[in-house]
Amino acid sequence: MKALVLTGVKEFEIQDLATPEILPNEVLINTAYAGVCGTDHDLYAGRPGSAAAVPPIVLGHENSGVVAAIGAEVTNVKVGDRVAVDPNIYCGQCEYCLTQRPELCDHLSAVGVTRDGGLAEQFTAPATVVYALPDNVSLRDAAAIEPVSCAVHGLDLLKLHPYQKALVIGDGFMGQIFAQLLQAYGVHRVDLAGIFDEKLERNKSQFGVTETYNTTREQIPSEAYDVIIEAVGLPATQAQAISAAKKGAQVLMFGVGPQEAHFEMNTYDIYKKQLTIQGSFINPLTFRDAISLVSSGKMNIGGLISHELGLEEVQDFLDGKISGVSKAVVAIGD
């Protein structure tokens, strides 16, 4: 089978690999689409994602496809099923797994990070992370279920109410997902801040955003929002998130920044304004919710996918040679 193999830091090779063998509890999947995201940029550059990727390895952790074969112990899917795959695999035995916090698992592994993933014609995954798709969810859209599930986990950590006024900082793919998801969760007003006029206007005209701010020339109002989602991961935008928080606000620090980065804030404000500052990591047990949100029509992720790439174009994309991308998926099979 054809596969895009990460062989070193910023080094890819298209190779012919043997069809992977499956264990009794595993599923073999013919890949249809694989999404490419910020985590892949980090892994390509030699930085860790949810875990470290050790070359040679096949990346691709946002995957959809069709079941080609199942192990003897598999009962939840059958050959021919259209599926999406949650990449994250938990040990089930560590302190965090045993206290219902599997996302913090001490032995976390992941399809497309610590084991070969979807940037290949076929890949394997434990049956426990393989989800059959409703008929009305396309395989193309299903390649973006994983990031939706990560956003669902972030919102599950908050207390949301219809009266709240929310701000999303960041007009990348995740920020745009959050703008839709907050509305699906019943928040009555959602605003969006970013740096691209076209994305901001599209979210206002097509996806229900009330107000937008282009932060290259506009100031985000201070002390104006009950819920703030920081979806960039830079010290400047993290500081903007705190500044935008009114009394009693919740701030979700979702954006992934450099490991060494810090930002300054007034600690008295945390006390006086009774702020909640919440981190969010991966997507524990939120995949079914994400699929349901897409299937119900409450999330339009297909409208955010701007580019379909071939395996041979992935390196150019990660090197920044393809511009104007909202979300890229790699088309691998039918």
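Visitor: What share of the contacts in the chain with a separation of 6 or more comes from residues 24 or more positions apart?

Guide: The model is predicted, so local features need pLDDT of at least 70 and side-chain atom pairs count only at pLDDT 80 or more, while totals for chains, interfaces and linings use all residues. Residues are numbered from 1 along each chain as its sequence is written, and side-chain values use heavy atoms, without hydrogens and water. A contact means heavy atoms within 4.5 Å. Among contacts in the chain with a separation of 6 or more, the share from residues 24 or more positions apart is 67%.

Visitor: In which strand is Gln250 found?

Guide: Strands are DSSP runs (E, at least two residues), numbered from the N terminus. The one that holds Gln250 spans residues 245–253 and is strand E15.

Visitor: Is Gln250 buried or exposed?

Guide: Buried means under 20% relative accessible area and exposed over 50%, with partly exposed in between (1.4 Å probe, protein chains only). The relative accessibility of Gln250 is 10%, and therefore Gln250 counts as buried.

Visitor: Which backbone oxygen does the side chain of Gln250 reach?

Guide: Not counting residues up to four places away in sequence, Gln250 touches several residues, including Leu158, Gln164, Asp226 and Thr276. At 2.7 Å, the side chain of Gln250 reaches the backbone oxygen of Lys159.

Visitor: How many of the 334 residues of the chain, as a percentage, count as buried?

Guide: The chain contains nine helices and 18 strands. By the cut-off for burial of under 20%, the buried share of the 334 residues is 51%.

Conventions
Helices (H or I, at least four residues) and strands (E, at least two) are DSSP runs, numbered from the N terminus. A polar contact is a pair of N or O atoms within 3.5 Å; within protein, one must be able to donate a hydrogen and the other to accept it, and residues adjacent in sequence count only if both atoms are side-chain atoms.
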